Amino acid sequence: MELYQRGIITQVDTGGLDLSWGNYAVVEQLMFMTSRREGFGNVIADCARAVEKGHYPAAALDYRMAVKGLFQSDPHDARILKAFALGLAVATRGMDHLRNRVTLEINARINDDPEFKSALYGGFVAAEPNSYIGKEHAVRRCENTYAVGDSVGMCRFNTKLFNSPSLPDLDDFSRQLRELVGLDLNAAELEECGRNIIGLERLMNYRLGLRAADDTLPRRWFEEEIKVGPFKGEKIDRAEFEALKARFYAVTGLDDQGIPQPAWHARLAHIVTGFAVEVELPGSPVRTMVLDEPVENVAELRAALRRRLG
């Protein structure tokens, strides 16, 4: 609808549909058209890939609210909520709030109790929602907890940190696993399981071509300020955001390309592929690289290195 409002697309492109804001009847019509890929519904079905599919002009990319090809999945304006912004940028599935959203950033009672908030997230996290300080700790703890919650089948809305500090947490998950399947894993071990899950997802994303540059946000949040309300003038500062992302990588154990550092990478590779070779690269900014794809000889090793470095 914003593309229509700005004249980037017209009724010629929409098949005669009036996409003016508030035209609910057309929105309902498009839901059915999209499910059947009929008319302009076929364009909507291609979602964030509509430009590369040739449906929209390149100018439409300036208004695409997506990360890693996935449109934003919640309505919050993360130009204010810096922990939300970091979470949406680094989420392995794209602009998906269910991976790591620090929902309690908007809970005044928690923000008014610095000691409780620090204990909750395992590090100091500034009370102000628009501060960049310490938000890496909040996103890291949420991502670990939610990954474990997903693994045991717990609804996100009934998982600690998503909407409340007193919902089922890692200790509860530990008890469930022990009583139901006989696995004896304490809370700290489960938190490491959560981190390992995210590490594996990041390694898979890396194989698919994603890099640290993809852990970012839509251009608009960096360049367009909020124009009204108590946070008027707020936007994401690029330098502050990159520093925050670097701190998040550090507390997670990621290298500068957003994948597990060599020792961690090797441990994961031994478990998943049964193969891990550490290669020293003198003079390269990468320095040490772990190859986790089985190779039979030096030629295959070189080919694997070229793929990784390319």
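This is a predicted model: local features need pLDDT of at least 70, side-chain atom pairs count only at pLDDT 80 or more; totals for chains, interfaces and linings use all residues.
Me: Why is F32 called partly exposed?

Reply: The relative accessibility of F32 is 47%.

Me: What makes M1, W21, V27, M31 and F32 a nonpolar patch?

Reply: A patch takes residues with over 30% relative accessible area and no salt bridge, and nonpolar side chains are joined within 5 Å. M1, W21, V27, M31 and F32 form such a patch on the surface, and together they have about 530 Å² of accessible area.

Me: Why is the contact between R140 and E143 called a salt bridge?

Reply: The closest N and O atoms of R140 and E143 are 3.1 Å apart. The cut-off is 4 Å between a side-chain nitrogen of Lys or Arg and a carboxyl oxygen of Asp or Glu, so the pair of R140 and E143 qualifies as a salt bridge. Because R140 and E143 are three residues apart in helix α8, about one helical turn separates them. Both residues are buried.

Me: How do you know that R202 and D215 tie together separate parts of the chain?

Reply: The side chains of R202 and D215 meet in a salt bridge of 3.0 Å, N to O. R202 lies in helix α10, whereas D215 is in the loop between α10 and α11, so the pair ties together parts that are 13 residues apart in sequence. R202 and D215 are buried.

Me: What makes E223 and R238 a salt bridge, and which helices hold them?

Reply: The closest N and O atoms of E223 and R238 are 3.7 Å apart, and the cut-off is 4 Å, so the pair counts as a salt bridge. E223 belongs to helix α11 and R238 to helix α12, 15 residues apart.

Me: Why are E223 and R238 not called buried?

Reply: Buried means under 20% relative accessible area. E223 has a relative accessibility of 43%, so E223 counts as partly exposed. R238 is partly exposed because its relative accessible area is 43%.

Conventions. Residues are numbered from 1 along each chain as its sequence is written. Side-chain values use heavy atoms; hydrogens and water are left out. Patches are made of residues with over 30% relative accessible area and no salt bridge: like charges are joined within 9 Å, nonpolar side chains (Val, Leu, Ile, Met, Phe, Trp, Tyr) within 5 Å. Accessible areas come from the Shrake-Rupley method with a 1.4 Å probe; for residues, only the protein chains shown count as cover. Buried means under 20% relative accessible area, exposed over 50%, partly exposed in between (1.4 Å probe, protein chains only). Helices (H or I, at least four residues) and strands (E, at least two) are DSSP runs, numbered from the N terminus.
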